[in-house]
Amino acid sequence: MWRSLVLRGTACLLHVVPRGSQRLVQQRHQSSLCLRFLLHGHAHRLTAAPCLQHQRTDLLRGTYHLPHTVTRSLKSDAKSTVDFPLNPITVADIKQYLRSKEVPFHDGYSCLHAPSLFVEPSGEPGAVPTKDTYSLFIDKTTGQFLCKDTLAEGSWEDLQDCLEVMQKEGQAFLSSHVLLGYGETPEEQEERARELAEVHRFWSSSVPFSELADEEAQMVKSMFQITKITNATLKKFGVRFFKPTRSLVFPWFGGPSSALKGVKLLSAQTSATDPGAVEYTETTVPRSSSYHNLFGLPLVGRPDAEVVLTGSELDVLAVSQGAGLPAVALPRGNSRLPPSLLPYLEQFKRVTLWLGGDMRAWEASRIFSRKLGLRRCSLVRPGEDQPRPAQALALGKNLARVVKGAIPAVHKSIVSFRQLRDDVYGELANTEQVAGVKWSRFPELNRILKGHRKGELTVFTGPTGSGKTTFISEVALDLCMQGVNTLWGSFEINNVRLAKIMLTQFSMQRLEDNLERYDYWADQFEELPLYFMTFHGQQNIKTVLDTMQHAIYLYDINHVVIDNLQFMMGQENLSVDKFAVQDHIVGAFRKFATNSCCHVTLIIHPRKEEDDRELQTASIFGSAKASQEADNVLILQEKKLVTCPGRRSLQVSKNRFDGDVGIFPLDFLKASLTFSTPVKAKHKLRKVSKEEEEAAAAAAAGREEAVPPAKKAKAKAKPLKENTAKDPIAAATVAAAAASQRVEPDQSQAAGRRPALKRDG
Ligand SMILES: Nc1ncnc2c1ncn2[C@@H]1O[C@H](COP(=O)(O)OP(=O)(O)OP(=O)(O)O)[C@@H](O)[C@H]1O
């Protein structure tokens, strides 16, 4: 059911990275078309394949060569945009097609395994390859394929096209050489070469651990709180030290020749909140959206049937040394499990997910286990006795016993309190984490709502043109900057306008007047886990939900924003009962939020109210269904008084989590399109009864204190060392310098080319 929903998600999604990736999507579609063209009578060109770089131009001119969407070099970019199947498919369709083409396959956990079309068959002609030599992996959910031997990859349509061509030509295989590198523009090739040079520059200027003097090695280990990790373990995993930034360097070896493809630099600084702990900052080359390393994988033997999946490279070292088990680390910690990594995890019969020591890691492990196949997954429940692996090793815990005690991911249909007991304890012992992700720009929201939680539905309303989109954009951006993977469905304003608002809010300045800073900010903005649905105007709810489900599979989306319900529904249904339609849609979003463990924020216009009246929960358009289904109801109140025109307040009128409701004033900075709470406001969090709601809104509006915008702008602006924007070594140096001088972590992050991911120590 989950899978079939995903497969129907054929509408378009767009990653925040618009430039190269959009171009790539175009190229991929063109190449698919080209291959189909070939199938209609020009297949003899297949073996020629000259001048791959010029295919696109040739295609436009009406000539063609070997077409294919498969690109190795741009693999990761291709994955971060969306490669939707042109026609929805199911795993049954895939199997049926393979059978019809007489392609042998067997059912894996997340993929079907088949002999690769891109490898010359060995042995006697016509000999059937054995199952363990199958190296073509077809994702059961999307149909995307990967040949592990050659790294050729593409969509389900591409695979079908390849098989058709092979059959028509009577070929036993397709050479991968003619497939790789297609579609890259000279600029993209240049960018890739530059990144690879950077990787080698880092790698060759860093020192193998074994070459560090004993004293220095000890000092580095203390800095990273890994004193129990032996030099032998560090050597085994090829970890190096980059002195200029005092960073550990983790290599990414991959591909058929096990070449160096990338590096991750990890620096450590004392936590601002807990002097006994360290916070890690990581930088990758290539950038994180293209960094697909499962660190530790080259050391896993082919016969190994068990693996521990961790959230960091240090955890891999700890599990390997402490439990003697094979372990790999997800490239972006517990924030994402990209489907492109699934083929590499197919060989394992048992996967133990030990992604960290907090509730966020626990939630992630439950979600990832669905993708990996519940039956083979076991989860390590975080707790005092079971912190993250590196910490467990430091505390002298028995890591092998922790892994052995992991609980099966499969849920039972009926449970008693005995099975729930540990879950309940976990919630009681981690109230702060259970309350969700805190906003960094909206402390008042933290005070009232306590945080942003997965699986909830928020309904947001406010008068027409009052700033709903602008406000919710900043609220969602704030969370996204903290690693909440976000998907926007903007049905009213187009994505370019929305991205412009968000970029302005991200940079906190009027970019129109600072165009020379555009690339600097855009480079950092690109790194955010932010995606857009490309719908505009009226859209069928089923298509929207399928797309959302698809995005969850591809990008582990945690927050979907729908702006707004009225535009999505359109005006066409006026003849039918509009309230009933809206109720059905609200119910569907509610169900989606709960079942997919994803927060949904729904913007709904209010009914027409008299101009001078504040809104209340009952003002939401439609029946009471929206406010009943919602976990949170937020209202942007607009003060209409002549003395204070345009002043807004945010009212939380429903909070199912702990019942606290309240209202606080907002100031709007037009240049940066940001909202902030007036600095000296005397507003307090108050418990407001339902009867008091309306009166409270009016009263709160009268308590606001004005703050000169210039003063706030000064308070908000942080000095940035923008000269490091294009140079990761310089960026890393600044990060390390910031660490050693105990500069605010935010500042050191901003100094880098990309916002680095922070990890708990
Ligand atoms: N607090 C504010 N004060 C003044 N102008 C604002 C404020 N918030 C937003 N704006 C501006 O008002 C305009 C409309 O904002 P926005 O599109 O966010 O409103 P909306 O409530 O989503 O509109 P709609 O009801 O059409 O969906 C924008 O130009 C925005 O920059």
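Around the ligand lie 14 residues, of which the closest are G467, K468, T469, T470 and F668, where a residue belongs to this shell if its C-beta atom, placed from the backbone, lies within 6 Å of the molecule. The model is a predicted one, in which local features need pLDDT of at least 70 and side-chain atom pairs count only at pLDDT 80 or more, while totals for chains, interfaces and linings use all residues. Residues are numbered from 1 along each chain as its sequence is written. By class, the shell around the ligand holds 2 nonpolar, 9 polar and 3 charged residues; here Ala, Val, Leu, Ile, Met, Phe, Trp, Tyr, Cys and Pro count as nonpolar, Asp, Glu, Lys and Arg as charged, and the others, Gly among them, as polar. The element that gives the most to this shell is helix α17, residues 468-480, with 3 residues.

The chain as a whole has 27 helices and 26 strands, these being DSSP runs numbered from the N terminus, with helices (H or I) of at least four residues and strands (E) of at least two. Of its 761 residues, 46% count as buried, a term that asks for 20 or more other C-beta atoms within 10 Å of the residue's own, whereas 12 or fewer make a residue exposed and counts in between make it partly exposed, with C-beta atoms placed from the backbone. Among the contacts in the chain with a separation of 6 or more, 70% are between residues 24 or more positions apart, a contact being a pair of residues whose C-beta atoms, placed from the backbone, lie within 7 Å.

Two packed helices are described by the angle between their axes and the distance between the axes. The axes of α17 and α18 come within 10 Å and cross at roughly 60°, where axes are lines fitted to C-alpha atoms over the stretch in contact, and angles run from 0 to 180 degrees between N-to-C directions. That angle makes α17 oblique to α18, since angles under 35 degrees count as roughly parallel, over 145 as roughly antiparallel, 65 to 115 as roughly perpendicular and the rest as oblique. On the α17 side T470, S473, E474 and L477 take part, and they meet L498, I501, M502, Q505 and F506 of α18. This contact of α17 with α18 has 5 nonpolar, 3 polar and 1 charged residues.

Helix α18 (residues 495-507) also packs with helix α19 (residues 518-526), at an angle of about 105° and with the axes 10 Å apart, and the two, α18 and α19, are therefore roughly perpendicular to each other. L503, F506 and S507 of α18 make this contact with W521, A522 and F525 of α19, and its residues are 5 nonpolar, 1 polar and no charged.

A further pair is formed by helix α20 (residues 541-555) and helix α22 (residues 578-596), whose axes are 11 Å apart at an angle of about 15°, so that α20 and α22 are roughly parallel to each other. From α20 the contact draws on I541, L545, M548, Q549 and I552, and from α22 on I585, A588, F592 and S596. By class, the contact of α20 with α22 has 7 nonpolar, 2 polar and no charged residues.

Some local features of the backbone can be located next. A cis peptide bond, with omega about 0°, joins V285 and P286, and P286 is placed in the loop between β11 (278-285) and β12 (306-310). The peptide bond from D563 to N564 is cis as well, with omega near -10°, and N564 has its place in the loop between β20 (559-563) and α21 (565-569). In S258, a residue other than glycine, phi has a positive value near 50°; S258 is in the loop between β9 (247-254) and β10 (259-270), and it counts as exposed because it has 9 C-beta neighbours inside 10 Å.

Helix α8, residues 214-223, contains S222, which is exposed because 12 other C-beta atoms lie within 10 Å.

How values were computed: Two residues are in contact if their C-beta atoms, placed from the backbone, lie within 7 Å.
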